[in-house]
Amino acid sequence: MIEKKLSRSVRLICASSAIVGAGMFVQPVFAQDAPKEAVQRVEITGSSIKRLAVESSLPVQTFNQKDIAKTGVTTVTDFIQQLPVMQGFTVAADSVGGGGGGLTTASIHDIGAAYTLVLLNGRRIAPATSGTTIDLNSIPLSAVERIEVLTDGASALYGADAIAGVINFILKKGAAPLEISAKASRPQATGGAGSSFSISKGFGDIDDDGYSIFMSASHDYQKQLKAADREFAKTGIINFTDPKTGKALQFFNGSSRSVPANATVRNAANKSLGNINPYKLANGKCAPKHLDAFGDGQCWFDYTSTVEIQPEQGRDSIFVSGELKLGKSGFKAFSDLAYTDSTILARIAPYPAEFKVLKGSALYNKYIAPNLTATQAATAASATVKYRLYEMGGRAYDYGNKATHFVAGVDGNAMGWDVNSAVTYSTNTQDTDYAGGFPLADKFTAAAAAGTIDPFGTEAGKMPKEMVAALKATQYLGNYSSQKITMKGIDARASRAVFSLGGGSAMLGVGADFRTTSYALAYAEVAKTAAILFDDPQVNNGYKRSNGGAYAELVMPFTKELEITSSGRVDRVGAVKNDTDGKTYGKTEGAATYKLSGRWTPNKMVLVRAAMGSGFRAASMSQIASPVQDFGVTGGTYACPITAANGLGSHPLATYCDNNERGQFEAFSGGNKDLKPETSKQWTIGAVFEPVSFMSIGLDLWSVHIKDQVTTVDEAAYFTKPAKYINLFTTKYKESTGVKSLAIMFLPINIGKVENQGIDYDLTVRTRVMDGKLTSRFAGSYLIKSRYTTPGTDDQWETSLNRYGSNSAVSFRNIMKFTTSYDIGSWTHTANVNYRNGYDDKHHDIVNCAVTTNDANQDCVDVMLKVPSYTTADWQTVYRFSKTMDITGGIINMFDRKPPFSLRNTGSHQLGYNPSYSSPMGRTYYISGNYKF
């Protein structure tokens with residue numbers, strides 16, 4: 001009830017602010033009070049030709065330092081991912097067992113991070129993968145002057161692979177006072193506190209002194225947030241009431257690797273004879289944190305209670321930029337150097353160990369033999385122990401990313417041409433270290449055989465100290481793998497007036513770029529030899545290829561009111577050279593793409609713009625050339641699908657479903673040398689209205705159509721449609737157990753088509769209220785269409801629009817953000833409201849059996865919840881003591897809105913909510929200070 005009242009209050013505040021803004025139309029706009037500054041021609045993201053910012057025919061959203069500061073964010077990731085046009089990105093929480101790998105990304109219009117080009121000062125940076133995906137952690141927020149988001153894709157200037165659009169981070173440069181900033185934040189509830197510090201200084205003026213240098217350094221840190229610290233996320237055993245029937249239900253996504261251990265009894269042929277849990281048989285019930293979930297003789301562990309929901313993060317960044325006049329040549333040399341060292345320390349559930357004990361061994365005789373039936377005892381030869389190494393602590397993955405970006409070039413005018421050319425050297429290195437929780441197979445097996453470790457004897461948290469010490473002595477601490485991506489590039493572009501038209505000079509821009517990208521993944525010896533218990537041998541990977549392109553752009557102002565821009569580009573993407581085996585995979589691909597745009601300004605109050613074009617993107621190097629290798633296990637638990645009930649009873653792999661047990665299945669990943677390039681067509685049509693001088697309205701209708709998109713089949717589809725994907729099933733042999741079991745292969749394929757269409761809108765009002773200035777902005781993105789063909793088809797359409805789809809994601813129809821800021825005297829007060837609509841949750845059917853009745857029968861139930869909308873409100877107040885000093889205090893999620901309840905159970909390991917769409921932090925307070933010397 002309290003939350004409803006608070007939510008209603010937020011809506012009233014927002015409505016009141018909008019009404020106040022609209023009601024002040026009779027007041028003069030405050031921008032008119034300031035003297036007009038000289039307007040300079042600058043490069044706008046999406047074009048190679050310098051022009052006035054207001055002249056752009058493409059939809060570009062620009063955010064300056066003040067815009068960023070008013071949100072209260074500390075990192076680039078936090079700012080970008082809260083923009084309404086962003087959907088489908090990777091969040092930090094995805095590193096908790098969800099494949100995030102320490103990355104955070106951007107994705108425009110839900111099209112994907114691989115299709116969203118991220119630039120620093122208009123140039124590419126080294127990706128964080130073997131493709132084009134950029135890790136936002138590598139970009140220092142303290143060095144950012146402004147951010148430009150081009151929401152129209154396939155730019156001729158940057159490359160045809162920018163299908164979704166471009167995010168351009170313009171970094172600071174030139175003279176600036178010595179500035180020191182510090183910030184501290186703390187959630188009201190336990191966990192997740194953060195801090196940041198930055199210092200910067202600029203010297204010289206390029207016009208007056210002939211040089212300029214800007215330097216900045218920053219550090220930020222955020223503590224981990226454990227699942228146990230939040231009521232909505234602390235357990236995977238979730239009891240709830242079905243809103244449709246009123247029945248008491250239970251949702252559970254546990255693991256058969258338990259503590260004390262389960263055991264699968266096997267005969268001489270390694271076939272299962274059934275499961276037992278010695279603790280349950282001795283005590284009449286499962287141990288705490290466990291459930292007898294499926295009546296299969298096992299106790300299932302609630303691993304969710306041991307994970308974290310927000311990983312520990314740290315970042316150190318240095319940025320230096322410089323400019324130097326080259327005599328009287330009309331040119332200047334410039335250089336940028338950015339270095340970031342970031343870490344994400346992700347902790348997931350304790351290690352799920354499986355190992356073999358033979359008939360006659362001490363453990364077998366003590367715990368297995370006494371619990372066997374006469375039939376089992378007669379044919380049993382061994383048992384597979386399925387044990388959770390609880391006392392060793394959670395598995396800790398230390399993802400350390402180091403990004404270095406260096407650009408050097410010249411800019412100036414020669415023979416009437418504006419010329420800009422530069423060389424780029426950019427690297428991204430990621431070390432994955434095991435910081436705890438991983439046992440070495442030889443040490444663990446020896447300790448278990450010697451009896452110093454007993455997997456059956458104690459409950460979680462009750463192991464004797466000497467046994468805990470023996471268990472921890474078996475763990476491996478150190479590097480597991482190192483990945484390095486190196487990008488070397490050179491580019492040149494030039495523009496000039498070429499002829500006169502009715503509206504002024506036509507401008508021609510031409511350019512070319514070439515780059516080589518290499519990717520190397522090297523495993524430590526412990527990974528190559530599968531020295532860690534239950535691991536598989538890993539193989540080094542290394543690839544490289546080159547990319548080149550050339551383009552031309554012509555801006556034609558036919559009249560003062562009408563301007564048309566046409567551009568064309570030719571790209572060439574080389575085949576992939578595999579450094580490991582010396583072979584070449586795939587083939588050289590090329591394409592010619594175009595962009596046609598225009599703007600019409602019939603009067604000072606209206607600007608109409610439109611654009612259309614085509615795009616082209618080759619698959620990543622790993623998607624083409626990666627060998628098939630271990631990929632862990634599935635995120636969800638499933639019944640074995642290759643059975644007579646699914647029409648596969650005679651299939652050779654059906655023997656691995658002999659007892660039809662539920663569980664997590666082994667997985668592989670790999671590449672596909674036969675992948676075709678993806679192609680796209682997109683268009684945008686929009687308008688900007690200024691009916692009065694202090695109000696602007698922007699609307700843009702956009703559409704993107706991708707053909708032959710590369711992706712992998714969602715894991716759930718393997719088990720719901722096994723006949724369709726039977727060629728993606730295989731087996732995996734585990735050395736630690738001696739068992740060959742059913743596995744799936746995540747291999748990329750060209751799935752067919754993707755279509756996204758929507759409207760972006762923006763309403764801004766600037767007015768005077770009493771003696772202050774009120775600025776209100778309402779921005780949003782509305783998806784009209786978001787659909788994709790079923791993997792492997794080009795005519796069977798699916799959608800994730802307002803529902804949890806087969807791609808394990810939701811495409812939200814409505815994402816909105818309202819900001820209102822009031823400046824009066826030395827004070828600035830800002831309110832932010834963020835909204836995301838509700839959706840249909842993941843569908844759990846009776847076959848899936850993730851939801852059961854909460855009674856003794858535990859009957860499987862068909863359930864699909866409605867996840868409610870999610871609205872949060874933030875507040876910030878700034879007080880300026882002087883022109884050189886200010887202090888800021890704020891509250892994020894001031895009404896302490898909890899994440900909406902969800903039964904999602906694929907992807908990252910958090911349960912009870914969806915970490916991709918809501919923050920678990922809760923109400924968070926922050927304070928920051930800024931001083932200029």
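**Ground rules.** I am working with a predicted model, where local features need pLDDT of at least 70, side-chain atom pairs count only at pLDDT 80 or more, and totals for chains, interfaces and linings use all residues. I number residues from 1 along each chain as its sequence is written, and my side-chain values use heavy atoms, with hydrogens and water left out.

**Strands.** I took helices (H or I, at least four residues) and strands (E, at least two) as DSSP runs, numbered from the N terminus. I called two strands paired if DSSP finds at least two bridges between them. I looked up E25 (residues 478–501) and found an antiparallel pairing with E24 (residues 417–436) over 17 bridges. In that pairing, Ser 421 sits opposite Ala 492 of E25. E25 also pairs with E26 (residues 504–523), again in the antiparallel sense, this time over 20 bridges. Here I noted Met 487 opposite Thr 517 of E26. The link from E25 to E26 is a hairpin through two residues. A reminder to myself: in a regular strand, side chains alternate between the two faces of the sheet.

**Ile 167.** I found this residue in strand E7 (residues 165–171). Is Ile 167 buried or exposed? It is buried, with a relative accessible area of 0%; the scale I used is buried under 20%, exposed over 50% and partly exposed in between, with a 1.4 Å probe and protein chains only. I then listed its contacts (heavy atoms within 4.5 Å). Leaving aside residues up to four places away in sequence, Ile 167 touches, among others, Ile 80, Met 86, Ile 108, Leu 117, Leu 119, Ile 147 and Glu 148. I also checked Gly 46, which is 121 residues from Ile 167 in sequence and 9.9 Å from it in space, C-alpha to C-alpha.

**Salt bridges.** My rule was a side-chain nitrogen of Lys or Arg within 4 Å of a carboxyl oxygen of Asp or Glu. How many salt bridges does this rule give? The count is 30.

- Glu 148, which I met above as a contact of Ile 167, bridges to Arg 146 with the closest N and O atoms 2.9 Å apart. Glu 148 is buried at 4% relative accessible area, while Arg 146 is partly exposed at 25%.
- Asp 292 bridges to Lys 280, with 2.8 Å between the closest N and O atoms. Asp 292 lies in the loop between strands E16 (290–291) and E17 (300–301), and Lys 280 in helix H4 (residues 278–283), so the pair ties together parts twelve residues apart in sequence.
- Arg 569 bridges to Asp 513, with the closest N and O atoms 3.0 Å apart. Arg 569 is in strand E28 (residues 562–573) and Asp 513 in E26, so this pair ties together parts 56 residues apart in sequence. Arg 569 is buried at 2%, and Asp 513 is buried at 16%.
- Asp 536, Asp 630, Glu 666, Lys 732 and Lys 734 are linked in a network of salt bridges.

**Cavities.** On a 1 Å grid over the protein atoms alone, I counted as a cavity a set of points where a 1.4 Å probe fits but cannot get out, with lining residues having an atom within 4 Å of a point. Grid points are joined across faces, edges and corners, and a volume is the space filled by probe spheres set on the points. I got 14 cavities of 30 Å³ or more. Of its 49 lining residues, the closest to the centre are Asp 78, Gln 82, Ile 892, Ser 919 and Met 921.

Note on methods
1 Å grid on protein atoms, 1.4 Å probe; cavity = no way out; pocket = protein on both sides within 12 Å on 5 of 7 lines; lining within 4 Å.
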